[in-house]
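Subject: Structure for your review

Dear colleague,

Please find below the structure that I am handing over to you. My notes on what was found in it follow directly after.

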Amino acid sequence: MRLWHKDLISVLPKQQLLGQWRECCLIAKNIVTKGTPNHLLVNKIMDYPINHFVYYGRLIESEMTKRGYKINS
């Protein structure tokens, strides 16, 4: 899966939004354990400050909360 543009997050259907959450969790896990994600479509996030990725993850989390989904942290 790829990461959708931040402006599209609010209009993503449920399955795509949940997929973004799973993708963010997997990318974060790979960054912590391996130092970088290991996928052609998401390796480019390492070209930007990590704060951008954290902001993106919080944006996903915020949209999920707004829609009433329970987030297990």
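E63 and K66 are both part of helix α2, 3 residues apart, which is about one turn of the helix; helices here (H or I, at least four residues) are DSSP runs, numbered from the N terminus. The two residues form a salt bridge in which the closest N and O atoms are 3.5 Å apart, a salt bridge being a side-chain nitrogen of Lys or Arg within 4 Å of a carboxyl oxygen of Asp or Glu. The side chain of E63 also meets that of R67 in a salt bridge, at 2.9 Å from N to O.

The model is predicted: local features need pLDDT of at least 70, side-chain atom pairs count only at pLDDT 80 or more, and totals for chains, interfaces and linings use all residues. Residues are numbered from 1 along each chain as its sequence is written, and side-chain values use heavy atoms, with hydrogens and water left out.

E63 counts as buried because its relative accessible area is 8%, where buried means under 20% relative accessible area, exposed over 50%, and partly exposed in between (1.4 Å probe, protein chains only). K66 is exposed, at 63% relative accessible area. R67 has 26% relative accessibility and so counts as partly exposed.

What does E63 contact, leaving aside its neighbours within four places in sequence? The residues in contact with E63 on that basis are I9, S10 and L17, contact meaning heavy atoms within 4.5 Å.

The structure holds 3 salt bridges. One of them joins the side chains of K6 and D7, with 3.1 Å from N to O. K6 is partly exposed because its relative accessible area is 42%, and D7 is exposed because its value is 52%.

Helix α1 covers residues 14-34, and W4 is placed in the segment before it. The 21 residues of α1 should span 30 Å at 1.5 Å a residue, and its end C-alpha atoms are 30 Å apart, so the two values agree; the expected span of a helix is 1.5 Å times one less than its number of residues. Which residues of α1 are buried? They are L17, L18, G19, Q20, E23, C24, I27 and I31. The cover over these buried residues of α1 includes α2 (50-66). Just after α1, G35 takes a positive phi of about 90°.

The C-alpha atoms of K29 and I45 are separated by 14 Å, the two residues being 16 apart along the chain. A28 also lies in α1 and has a relative accessible area of 30%, so it is partly exposed. A28 and F53 are 25 residues apart in sequence, with a C-alpha to C-alpha distance of 8.7 Å.

A nonpolar surface patch

W4, L8 and V11 form a nonpolar patch on the surface, and together they have about 270 Å² of accessible area. Patches are made of residues with over 30% relative accessible area and no salt bridge, like charges being joined within 9 Å and nonpolar side chains (Val, Leu, Ile, Met, Phe, Trp, Tyr) within 5 Å. W4 counts as partly exposed because its relative accessibility is 32%. Accessible areas come from the Shrake-Rupley method with a 1.4 Å probe; for residues, only the protein chains shown count as cover.

The chain as a whole

The chain has 2 helices and 0 strands, strands (E, at least two) likewise being DSSP runs. Its radius of gyration is 12 Å, close to the 11 Å that the globule rule gives for 73 residues, so the chain is as compact as a globular protein of that length. The radius is taken over C-alpha atoms, and the globule rule is 2.2 Å times the number of residues to the power 0.38. The C-alpha trace spans about 35 × 25 × 20 Å along its principal axes. Of the 73 residues in the chain, 26% are buried. Among contacts between residues at least 6 apart in sequence, 54% join residues at least 24 apart. The accessible surface of the chain comes to about 5500 Å², and 56% of this belongs to carbon and sulfur atoms.

With kind regards
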